[in-house]
Amino acid sequence: MSVGAPDWVVREDAGIPVLIALYLRQVLGIRSPDELPPLRSLPPSELPRAEAEQAVLERQWRAFWAMTVEPQAHPSSVPLELVDGYDTYIALPSEGFGELLRAILPYAEDAVDYARDMHERYAATVHVGTGTSYRAYASAIAQHERQVGRRAHSFELNVQVLPLAQRGIWWIGSLTVAVTDGLRGDVVAFDAAVGPIIADLA
């Protein structure tokens, strides 16, 4: 691009930390974010838990989720510590997350295995180096530019492609959306779904 021209960056992934966080959300019976569907082929938690205990877990998981999705926008005020069994994928603040830490420890192996498997499935469909991911967003941006009659503003967008039970696209951070893997693989439907996202940013 020429000097001074608008620029845009789209990063797409099925991030292992994000997948782990959603796995834990489901097995712990965390309800928020309410609008985000559960993961496919993973039963919800049936663990009985006191209302006060559930409220604490929900609050701590929401903070953990924000730090996982957009870590630079949600830095911890205290040092982070890696969680046993989760390799380098999870680091929780050293204070204020004791209940969540104790709750997630039993799920480490299953959560990491699930997330790695889903990430590998995503990577196998991306065809690294072919530029298909870039072209999908470039097409939506070009269409937006035609509609508004100007170049797109500079922006950044992070896209998490996830095996969610309901087809769609959802904001999960100020610069991050989650999209169902099935929708991402449908060129026409994805173009239509990502268009409003691009319009919000560009």
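I take contact to mean heavy atoms within 4.5 Å. The model is predicted: local features need pLDDT of at least 70, side-chain atom pairs count only at pLDDT 80 or more, and totals for chains, interfaces and linings use all residues. Residues are numbered from 1 along each chain as its sequence is written, and side-chain values use heavy atoms, with hydrogens and water left out.

**Entry 1**

I looked up Leu 24 and, setting aside neighbours within four places in sequence, found it in contact with Phe 64, Tyr 86, Ile 90, Ile 104, Tyr 107 and Ala 111. Buried here is under 20% relative accessible area, exposed is over 50%, and partly exposed lies in between, with a 1.4 Å probe and protein chains only. The core has 65 residues, and Leu 24 and Tyr 86 touch the most other members. Helix H1 (residues 16-27) gives the largest share of this core, nine residues.

**Entry 2: H1**

Helices (H or I, at least four residues) and strands (E, at least two) are DSSP runs, numbered from the N terminus. I read a span of 16 Å from the first C-alpha of H1 to the last for its 12 residues, close to the 16 Å expected at 1.5 Å a residue. The expected span is 1.5 Å times one less than the number of residues. Of the 12 residues in H1, 11 are buried. Their cover includes helix H2 (51-69), helix H3 (98-104), helix H4 (108-126) and strand E4. Just after H1, I noted a positive phi of about 75° at Gly 29.

**Entry 3: the sheet**

I count two strands as paired if DSSP finds at least two bridges between them. Four strands form an open sheet in the order E1-E4-E6-E5, with mixed pairing. Its edge strands are E1 (8-13) and E5 (169-171), each pairing on one side only. E1 pairs with E4 (residues 155-162) in the parallel sense over six bridges; Trp 8 has Phe 155 as its bridge partner in E4. E4 and E6 are also parallel, over five bridges. E5 and E6 run antiparallel over three bridges, and a hairpin of four residues joins E5 to E6.

I then looked at E6 (residues 176-180), where five of five residues are buried. Thr 176, Ala 178 and Thr 180 point one way from the strand, and Val 177 and Val 179 the other way.

**Entry 4: Asn 158**

Asn 158 is in E4, and its bridge partner in E6 is Thr 176. The side chains of Asn 158 and Thr 176 also make a polar contact at 3.5 Å. For that term I require a pair of N or O atoms within 3.5 Å; within protein, one must be able to donate a hydrogen and the other to accept it, and residues adjacent in sequence count only if both atoms are side-chain atoms.

**Entry 5: backbone exceptions**

Most residues other than glycine have a negative phi, and most peptide bonds are trans. I found a cis peptide bond between Ser 32 and Pro 33, with omega about -10°. Pro 33 lies in the loop between H1 and H2, and Ser 41 is found in the loop between H1 and H2 as well. Ser 41 has a positive phi of about 60° and counts as exposed because its relative accessibility is 76%. Asp 87, in the loop between strand E2 (80-82) and strand E3 (91-93), has a positive phi of about 55°. At 44% relative accessibility, Asp 87 counts as partly exposed.

Notes. Core = buried A, V, L, I, M, F, W, Y, C linked by side-chain atoms within 4.5 Å.
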